[in-house]
Amino acid sequence: MGIYNYRLYASGQIISLVGVWMQRVAQDWLVLELTNGSPVALGIAASLQFLPVLLFSMWGGVLADRLDKRKLLLWLESALGVCALALGLLDVTGVVQLWHVLVLCFLLGCFSAVETPVRQSFVVEMVGRESLTNAVAINSMMFNLARIIGPAIAGVTIVAIGTGWVFLANAISFVGVVLGIWLMRTSELLRSDPLPREKGQLLSGLRYVRGRPDLLTVMLLVLFIATFGMNFYMTLAIMARNVFGGDADAYGLLSTLIAVGTFAGAAWAARRKTPRLTVFIGSGIVFGLLEAISGLMPTMLLTGLMMIPVGIAMMTFNTTANATIQLAVEPEMRGRVMGIYMLVFLGGNPVGGPLMGWLGEINGRAPIVVGGAVSMLVSITAWIILVRRGDIARPRPRFRKQKQHEDPPASTAELQPSDR
């Protein structure tokens with residue numbers, strides 16, 4: 001993309017995202033090491049990291065609509081880097097304890113809860129509405145390229161020199177994204193007028209979403225699937241260690257293979273100009289089915305290979321949801337709507353994390369199998385409801401004898417966000 005500010009942003013973001021994925025693997029593995037492989041402890045750590053989403057993500061959206069997004073991102077990205085630095089220093093000096101990790105997980109979650117809606121809504125200011133779909137796809141590709149590289153590097157690094165140096169490397173990686181944002185040409189940003197500080201702006205965002213059936217459909221389905229089906233940061237660690245008896249490099253391999261699939265899914269999504277409702281819900285059904293099957297595979301190799309199509313379906317689902325939300329809202333509401341979207345996307349983890357951890361204590365395969373089954377069932381339910389409402393048209397019956405001059409029967413209609 002030939003936009004100077006976006007090139008700076010993307011260059012720094014890819015470096016930082018590699019570091020973030022390295023830390024995710026190292027953090028999960030450190031918790032398992034400190035607790036002798038307790039899935040419940042891993043679920044608690046995940047809950048503490050995602051709990052702030054419930055508390056602060058919508059307020060992050062309000063701040064995105066009120067303040068200068070670029071300046072806000074500079075402070076937030078710096079704070080995330082400091083959290084990684086603190087955990088790294090505690091680990092390499094040998095004084096780290098479980099409560100240290102849990103506290104820093106919570107702090108990291110607080111900053112991330114505000115940073116994510118601000119960053120998501122800042123993209124359109126860099127590229128403009130006409131290039132937004134392409135930018136969303138590129139963001140997804142960067143995210144998943146980092147998801148391929150980061151866990152692979154982390155797995156090898158943890159085995160060689162330990163988890164602490166992974167956290168320190170992530171802290172250094174934030175220098176790239178902060179520098180990229182700092183060097184942007186502010187005159188080229190396509191800023192919307194900031195909202196004045198008024199009461200009720202958060203509630204007005206909720207009322208806006210409630211009055212948009214298209215946004216509600218996307219968000220409710222994302223809520224269920226993200227809560228129960230997209231817990232791979234935890235379920236793959238449980239599978240690698242407690243089911244297959246692997247080490248950190250085994251966890252890194254499984255994470256890398258699912259990232260290969262998500263990268264391929266993002267590349268495919270980049271070719272689609274407009275999100276389609278049938279693709280969105282259909283990918284949810286396929287994702288749930290493939291995830292449940294992957295949890296039943298007898299060997300780690302087969303589980304890893306299944307992660308590739310699982311990743312493709314998952315990223316098709318996520319990218320379609322994100323593009324639908326971004327393109328369907330007015331500029332003055334984008335920050336708040338993205339805050340609500342990130343709430344439903346990540347806010348279910350405080351519930352899903354401990355629940356999947358509890359299932360993992362009973363059977364290491366159960367979290368993936370149950371998560372896939374729930375994802376498939378809610379997607380099928382959504383499909384049936386939308387067909388009955390007429391949001392997805394029923395295919396017309398085909399008759400054996402049909403006159404040549406008649407138009408062929410219509411295929412299943414695709415509902416665009418603008419049609420609602």
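In which helix is Ser294 found? Ser294 belongs to helix α11, which covers residues 277-294. The model discussed here is predicted.

**Overall make-up**

The protein chain holds 15 helices and 0 strands. Of its 420 residues, 57% are buried.

**Confidence**

Across the protein chain the mean pLDDT is 81, with 88% of the residues at 70 or more. The helices at the two ends of the confidence range are α3, where the mean is highest at 93, and α14, where it is lowest at 78. Helix α3 runs over residues 69-92, and helix α14 over residues 349-362. Over residues 398-420 the pLDDT stays under 50. For that stretch the model has 35 contacts beyond four places in sequence.

| Residue | Helix | Helix residues | Relative accessible area |
|---|---|---|---|
| Ser294 | α11 | 277-294 | 0% |
| Val127 | α4 | 98-127 | 3% |

Ser294 counts as buried because its relative accessible area is 0%, and the cut-off for buried is under 20%. Beyond its neighbours within four places in sequence, Ser294 is in contact with Thr303, Met306, Met307, Val310 and Ile368.

Val127 also counts as buried, because its relative accessible area is 3%. How far apart in space are Val127 and Leu190, C-alpha to C-alpha? The distance is 7.6 Å, while in sequence Val127 and Leu190 are 63 residues apart.

**The largest pocket**

The largest pocket has a volume of about 240 Å³. Which helices each supply at least two residues of its lining? They are α8, residues 213-228, and α15, residues 366-389. The lining includes Pro213, Leu216, Thr217, Leu220, Leu221 and Phe224. Val378, Thr381, Ala382, Ile385, Leu386 and Arg389 also line the pocket. By type, the lining residues divide into 9 nonpolar, 2 polar and 1 charged.

Notes
Residues are numbered from 1 along each chain as its sequence is written. This is a predicted model: local features need pLDDT of at least 70, side-chain atom pairs count only at pLDDT 80 or more; totals for chains, interfaces and linings use all residues. Side-chain values use heavy atoms; hydrogens and water are left out. Helices (H or I, at least four residues) and strands (E, at least two) are DSSP runs, numbered from the N terminus. Buried means under 20% relative accessible area, exposed over 50%, partly exposed in between (1.4 Å probe, protein chains only). pLDDT is the predictor's confidence in each residue, from 0 to 100. Contact means heavy atoms within 4.5 Å. On a 1 Å grid over the protein atoms alone, a cavity is a set of points where a 1.4 Å probe fits but cannot get out, and a pocket is an open set with protein on both sides within 12 Å along at least five of seven lines; lining residues have an atom within 4 Å of a point. Grid points are joined across faces, edges and corners, and a volume is the space filled by probe spheres set on the points. Ala, Val, Leu, Ile, Met, Phe, Trp, Tyr, Cys and Pro count as nonpolar, Asp, Glu, Lys and Arg as charged, and the others, Gly among them, as polar.
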